[in-house]
Amino acid sequence: MTQPLTALAEPRPATPADRAGPGPRSLAAFNAEAEFLAPGTQSVALFSRLCIDRGEGVMLYDLDGRRYIDLLAGVGVAALGYAHPKYVAAVQRQVARVHVGSFTSEHRAALVKLIADITPGDLNRTQLYSSGAEAVESAFRLAKSYTGKTEFIGFWGGFHGKTSGVLPLLGSSFKHHLGPLMPGTYSTPYASCERCAFDKTFPSCSWHCVEFLRKKIEVETTNDVAAIIVEPIQGTAGNVIPPPGYLRVLRELADKIGAVLIADEMLTGFGRTGKMFAIEHDGVLPDIMTIGKGFGAGFPMTGVIAREQVAAAKPWANPSGSSSSYGGNPLAAAAARASIETIIEEGLVENSRVVGARMLAEMKTWQREIPIVGEVRGRGLMIGMDLVVPGTNKLIGKDQARWIFDTLLSRGVLAMIYNPEVRINPPLVIREEEALEALAIMKGVLGEAAERVGA
Ligand SMILES: Cc1ncc(COP(=O)(O)O)c(C=O)c1O
């Protein structure tokens, strides 16, 4: 049963204190750390200047005891929110028993079987890692091992981590001044229809971007493509959702050129989009899937899941060929097992679908009511929103977005709203009333921002 938004939490008028930013204890801790911490920490941490003391459910509390509704979830990592009792118990129990080693553990045995049970088709073989980029690089090694080919295709707006092997496939200016890049990698426009690189309209474009990629492979590559890697929804680009059927046409293309299709489900996996995996929205089976973030619910745990036949490819499949120091150790396995079991037991995939749909419906009304709100899009609890110059499709400036972030923070909501391509991805445990409370506050701040932008 949905309730009117304003009944839950009327945004209160701004006061000078609202602009105060983090409290004194947070700020003191932040400044003390800043003397020795190397630059380059995540923007949200630097911009907020918060020192987080503890969390519970979807709430975070800073050192000054201020409460924040978290629409960020550590960029999609905190699937279970904070201090989930089952997760806490599983990690505490395991750390007191044994936490290091690549030997079989009961948790890892149960975990890899569980993954095989919930993934579609014959995506049955899992290898485990401790960072997303590391898993993606391993997926590349596996693609080379299986196909005997060497080249890779990624997408504009894509993000797969920051290590050298994935840097060339990072579809943004982030890689500037960090060359030379690994040869044999190519980047092509994503089906980002609201901001089509070719100025076309879907579906009358007849998949122009895919046709372009076909041509690009023919003309630019050495016809030795090992893999096409794609995010089913592009997270870093602003939770951008391609039209239905996109993964299917990429699957067909990969098959045609004898490449594997890698679905990077790091962000979209484990219920984030209202299905267990985002590939299920298109009914497509990739050859390899990379997972992370919500998988370990905060414990650094990532993985490569491959189809039976693919995973057997050598040298990846040789002893120590796909291993790493920390991947799948007993503590990581206990954490990830607790994460997935809780997602299943507590119906969090369904919660993501239902609460996400409610949030999306509310936010879509803003397109009519708040002149700086442009496209709003979403699947489950992965929602994107463009902030635009009123009456245009042009994105507002980062400084204007930053005002929104700061103001929202000062009213107790944390969100990735410091860029004009806003990303909303709260913990999967968020309840409808919590989501709507946060949105009511956000609506008020966006209304004020619209007046400022107008002025
Ligand atoms: C889709 C996707 N793949 C890979 C990564 C890289 O993960 P990590 O930061 O753990 O290396 C990210 C991180 O945001 C991601 O969003």
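How many residues does H7 have, and how far does H7 reach from its first C-alpha to its last? Select H7: 16 residues, reaching 22 Å, close to the 22 Å expected at 1.5 Å a residue. The expected span is 1.5 Å times one less than the number of residues in the helix. Helices (H or I, at least four residues) and strands (E, at least two) are DSSP runs, numbered from the N terminus.

**Before moving on**

This is a predicted model: local features need pLDDT of at least 70, side-chain atom pairs count only at pLDDT 80 or more, and totals for chains, interfaces and linings use all residues. Residues are numbered from 1 along each chain as its sequence is written. pLDDT is the predictor's confidence in each residue, from 0 to 100. The protein averages 94, and 95% of the residues score at least 70. Now select residues 1–20. Here pLDDT stays under 50.

**The whole protein**

Zoom out. The secondary structure comes to 15 helices and 14 strands. The radius of gyration, taken over C-alpha atoms, is 22 Å, close to the 23 Å that the globule rule (2.2 Å times the number of residues to the power 0.38) gives for 455 residues, so the protein is as compact as a globular protein of that length. Its C-alpha atoms fill a box of roughly 65 × 60 × 50 Å along the principal axes.

Of the 455 residues, 50% count as buried. A residue is buried if 20 or more other C-beta atoms lie within 10 Å of its own, exposed if 12 or fewer, and partly exposed in between; C-beta atoms are placed from the backbone.

14 of its 16 residues are buried, so H7 is largely enclosed by the rest of the structure. Just after H7, glycine 148 takes a positive phi of about 70°.

**Methionine 289**

Select methionine 289 in strand S9 (residues 288–291). Is methionine 289 buried or exposed? Methionine 289 is buried, with 30 other C-beta atoms within 10 Å. Two residues are in contact if their C-beta atoms, placed from the backbone, lie within 7 Å. Leaving aside neighbours within four places in sequence, methionine 289 is in contact with Leu123, Ala263, Glu265 and Ile305.

Go to proline 390, in the loop between strand S12 (382–387) and helix H14 (398–410). With 14 C-beta neighbours inside 10 Å, proline 390 is partly exposed. Its contacts beyond four places in sequence include Pro371 and Ala450.

Ala450 is one of the buried residues of H15. Select H15, residues 432–454: it has 23 residues and reaches 32 Å, close to the 33 Å expected.

Select phenylalanine 202 and proline 203. Their peptide bond is cis, with omega near 5°. Proline 203 is in the loop between strand S6 (185–188) and helix H8 (208–220). Stay in that loop for aspartate 199. Aspartate 199 has a positive phi of about 60° although it is not a glycine. Aspartate 199 is exposed, with 8 other C-beta atoms within 10 Å.
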